[in-house]
Amino acid sequence: MRHLLLPLILASLALAACGEKVEDTRPGQPVKHRQEAFKGFIRAFEPMGTMLRDDKYEQQAFAHLAQALVAQRDAPWSYFGPDTDYPPSKSTADVWKRPEAFEAARQRFIAATDTLDTAAASGDKAAVKQAYDAVYDSCKACHRDFRK
(Lines give C-alpha, C1' and ligand atoms only; values in the text may rest on other atoms or scores of the structure.)
Protein backbone atom coordinates (compact mmCIF):
# COMPACT_ATOMS: atom_id res chain seq x y z
CA MET A 1 0.00 0.00 0.00
CA ARG A 2 2.79 2.37 0.92
CA HIS A 3 4.52 1.99 -2.47
CA LEU A 4 1.25 3.04 -4.16
CA LEU A 5 0.99 6.25 -2.15
CA LEU A 6 3.88 8.08 -3.83
CA PRO A 7 2.59 7.59 -7.40
CA LEU A 8 -0.88 8.61 -6.27
CA ILE A 9 0.47 11.82 -4.70
CA LEU A 10 2.58 12.59 -7.79
CA ALA A 11 -0.39 12.04 -10.09
CA SER A 12 -2.55 14.32 -7.94
CA LEU A 13 0.09 17.05 -8.01
CA ALA A 14 0.47 16.73 -11.77
CA LEU A 15 -3.26 17.08 -12.29
CA ALA A 16 -3.44 20.06 -9.94
CA ALA A 17 -0.63 21.76 -11.87
CA CYS A 18 -2.62 21.51 -15.08
CA GLY A 19 -5.10 24.03 -13.78
CA GLU A 20 -8.57 24.67 -14.98
CA LYS A 21 -9.00 25.46 -18.65
CA VAL A 22 -10.82 28.74 -19.12
CA GLU A 23 -13.37 28.77 -21.93
CA ASP A 24 -14.36 31.85 -23.91
CA THR A 25 -18.06 32.18 -23.17
CA ARG A 26 -18.52 35.75 -24.42
CA PRO A 27 -20.84 36.44 -27.36
CA GLY A 28 -19.07 35.64 -30.61
CA GLN A 29 -16.11 34.11 -28.72
CA PRO A 30 -13.53 36.59 -30.05
CA VAL A 31 -10.66 35.30 -27.92
CA LYS A 32 -11.31 31.73 -29.02
CA HIS A 33 -11.48 32.79 -32.68
CA ARG A 34 -8.21 34.70 -32.59
CA GLN A 35 -6.47 31.84 -30.75
CA GLU A 36 -7.70 29.40 -33.38
CA ALA A 37 -6.48 31.73 -36.12
CA PHE A 38 -3.01 31.86 -34.57
CA LYS A 39 -3.00 28.05 -34.35
CA GLY A 40 -3.67 28.07 -38.09
CA PHE A 41 -0.53 30.15 -38.54
CA ILE A 42 1.45 27.55 -36.62
CA ARG A 43 0.05 24.68 -38.72
CA ALA A 44 1.44 26.38 -41.83
CA PHE A 45 4.61 27.89 -40.35
CA GLU A 46 6.05 25.03 -38.26
CA PRO A 47 6.36 22.55 -41.15
CA MET A 48 8.33 25.18 -43.08
CA GLY A 49 10.74 25.52 -40.18
CA THR A 50 11.07 21.75 -39.93
CA MET A 51 11.95 21.54 -43.63
CA LEU A 52 14.65 24.15 -43.21
CA ARG A 53 16.06 22.84 -39.92
CA ASP A 54 16.13 19.19 -41.04
CA ASP A 55 17.52 20.06 -44.49
CA LYS A 56 14.46 18.52 -46.14
CA TYR A 57 13.46 21.55 -48.17
CA GLU A 58 10.89 20.79 -50.87
CA GLN A 59 10.20 23.88 -52.94
CA GLN A 60 6.64 23.00 -53.97
CA ALA A 61 5.52 21.92 -50.49
CA PHE A 62 7.16 24.96 -48.94
CA ALA A 63 5.51 27.30 -51.42
CA HIS A 64 2.14 25.71 -50.69
CA LEU A 65 2.63 26.27 -46.94
CA ALA A 66 3.72 29.88 -47.53
CA GLN A 67 0.56 30.46 -49.57
CA ALA A 68 -1.52 28.92 -46.77
CA LEU A 69 0.08 31.27 -44.25
CA VAL A 70 -0.62 34.30 -46.46
CA ALA A 71 -4.22 33.16 -46.93
CA GLN A 72 -4.73 33.00 -43.15
CA ARG A 73 -2.70 35.99 -42.04
CA ASP A 74 -5.63 38.41 -41.71
CA ALA A 75 -7.83 36.08 -39.68
CA PRO A 76 -7.03 37.01 -36.04
CA TRP A 77 -6.79 40.77 -36.15
CA SER A 78 -10.49 41.67 -36.23
CA TYR A 79 -10.97 39.70 -33.00
CA PHE A 80 -8.86 42.16 -30.99
CA GLY A 81 -11.89 44.34 -30.22
CA PRO A 82 -12.12 46.83 -27.35
CA ASP A 83 -13.69 44.44 -24.83
CA THR A 84 -11.68 41.32 -25.60
CA ASP A 85 -9.01 41.51 -22.90
CA TYR A 86 -10.33 38.76 -20.64
CA PRO A 87 -9.36 35.17 -19.85
CA PRO A 88 -8.47 33.02 -21.72
CA SER A 89 -6.68 35.84 -23.59
CA LYS A 90 -2.90 35.69 -23.56
CA SER A 91 -2.60 39.23 -24.88
CA THR A 92 -1.16 41.97 -22.74
CA ALA A 93 -3.04 45.19 -22.11
CA ASP A 94 -0.50 46.89 -24.43
CA VAL A 95 -2.52 45.63 -27.42
CA TRP A 96 -5.20 48.16 -26.44
CA LYS A 97 -2.99 50.75 -24.71
CA ARG A 98 -0.57 51.00 -27.65
CA PRO A 99 -2.70 50.34 -30.72
CA GLU A 100 -0.29 52.11 -33.08
CA ALA A 101 2.57 49.86 -31.98
CA PHE A 102 0.36 46.78 -32.27
CA GLU A 103 -0.68 47.82 -35.78
CA ALA A 104 2.95 48.41 -36.73
CA ALA A 105 3.81 44.89 -35.53
CA ARG A 106 0.92 43.50 -37.56
CA GLN A 107 2.13 45.37 -40.66
CA ARG A 108 5.67 43.99 -40.20
CA PHE A 109 4.20 40.49 -40.06
CA ILE A 110 2.15 41.11 -43.23
CA ALA A 111 5.21 42.44 -45.08
CA ALA A 112 7.35 39.53 -43.89
CA THR A 113 4.79 36.98 -45.08
CA ASP A 114 4.64 38.71 -48.47
CA THR A 115 8.42 38.38 -48.75
CA LEU A 116 8.25 34.74 -47.65
CA ASP A 117 5.59 33.95 -50.25
CA THR A 118 7.66 35.59 -53.01
CA ALA A 119 10.84 33.80 -51.92
CA ALA A 120 9.03 30.46 -51.69
CA ALA A 121 7.68 30.85 -55.22
CA SER A 122 11.20 31.58 -56.50
CA GLY A 123 12.65 28.38 -55.06
CA ASP A 124 15.83 30.20 -53.96
CA LYS A 125 16.57 28.36 -50.72
CA ALA A 126 18.82 31.10 -49.33
CA ALA A 127 16.12 33.73 -49.92
CA VAL A 128 13.53 31.36 -48.42
CA LYS A 129 15.62 30.89 -45.28
CA GLN A 130 16.12 34.63 -44.88
CA ALA A 131 12.41 35.33 -45.43
CA TYR A 132 11.40 32.56 -43.03
CA ASP A 133 13.67 34.05 -40.37
CA ALA A 134 12.09 37.48 -40.90
CA VAL A 135 8.60 36.06 -40.34
CA TYR A 136 9.87 34.23 -37.25
CA ASP A 137 11.43 37.44 -35.94
CA SER A 138 8.21 39.39 -36.49
CA CYS A 139 6.24 36.77 -34.55
CA LYS A 140 8.82 36.71 -31.76
CA ALA A 141 8.81 40.52 -31.46
CA CYS A 142 5.03 40.67 -31.29
CA HIS A 143 4.96 37.94 -28.63
CA ARG A 144 7.62 39.79 -26.66
CA ASP A 145 5.66 43.05 -26.72
CA PHE A 146 2.03 41.95 -26.74
CA ARG A 147 1.70 38.42 -25.28
CA LYS A 148 1.76 37.24 -21.69
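Predicted model: local features only at pLDDT ≥ 70, side-chain atom pairs only at ≥ 80, totals over all residues.

Colleague: Understood. What angle do α5 and α6 make, and how far apart are their axes?

Modeller: Helix α5, residues 99-122, packs with helix α6, residues 125-146, at an angle of about 165°. Their axes are 8 Å apart. Angles over 145 degrees count as roughly antiparallel, so α5 is roughly antiparallel to α6.

Colleague: Is the crossing left-handed or right-handed?

Modeller: α5 passes α6 in a left-handed crossing.

Colleague: Which residues meet there?

Modeller: From α5, the contributors include A101, F102, A105, R108, F109 and L116. In α6 they meet residues including V128, A131, Y132, V135, C142 and F146. By class, this contact of α5 with α6 has 17 nonpolar, three polar and one charged residues.

Colleague: Staying with α6, which of its residues are buried?

Modeller: The buried residues of α6 are V128, A131, Y132, V135, S138, A141, C142 and F146. Their cover includes α2, α3, α4 and α5.

Colleague: And H143, where does that lie?

Modeller: H143 lies in helix α6. It is partly exposed, because its relative accessible area is 43%, and buried would require under 20%. H143 and S91 are 52 residues apart in sequence, yet their C-alpha atoms are 8.5 Å apart in space.

Colleague: What span should α6 have, given its 22 residues?

Modeller: At 1.5 Å a residue, α6 should span 32 Å. Its end C-alpha atoms are 31 Å apart, which agrees.

Colleague: Now α2, please. How far apart are its end C-alpha atoms?

Modeller: They are 34 Å apart. Helix α2 covers residues 30-53, and its 24 residues should span 34 Å at 1.5 Å a residue, so the two values agree.

Colleague: Which residues of α2 are buried, and what do they pack against?

Modeller: Among the buried residues of α2 are P30, V31, R34, F41, F45, M48 and L52. The buried residues of α2 pack against α3 (59-72), α4 (94-97), α5 and α6.

Colleague: Let us change topic to the backbone. What is phi at D55?

Modeller: Phi of D55 is near 55°, a positive value in a residue other than glycine. D55 follows α2 and is found in the loop between α2 and α3.

Colleague: Is D55 buried or exposed?

Modeller: D55 counts as exposed because its relative accessibility is 57%, where the cut-off for exposed is over 50%.

Colleague: What about Q29, and where does it lie?

Modeller: Q29 lies in the loop between α1 (2-18) and α2. Its phi is also positive, near 45°, and Q29 is likewise a residue other than glycine. With a relative accessible area of 27%, Q29 is partly exposed.

Colleague: Which peptide bond is cis between P87 and P88, and where is P88 placed?

Modeller: The bond from P87 to P88 is cis, with omega near 20°. P88 is in the loop between α3 and α4.

Colleague: To finish, how many helices and strands are there in the chain?

Modeller: The chain has six helices and zero strands. Of its 148 residues, 34% count as buried. Among contacts between residues at least 6 apart in sequence, 73% join residues at least 24 apart.

Notes:
Residues numbered from 1 in each chain as written. Heavy atoms only, no water. Axes fitted to C-alpha atoms, helices over the stretch in contact; angles between N-to-C directions. Helix = DSSP H or I, 4+ residues; strand = E, 2+ residues; numbered from the N terminus. Parallel < 35°, antiparallel > 145°, perpendicular 65-115°, else oblique. Left-handed = near helix turned anticlockwise from the far one by under 90°. Contact = heavy atoms within 4.5 Å. Nonpolar A, V, L, I, M, F, W, Y, C, P; charged D, E, K, R; others polar. Expected span 1.5 Å × (residues − 1). Buried < 20%, exposed > 50% of the residue type's maximum accessible area, 1.4 Å probe, protein only.
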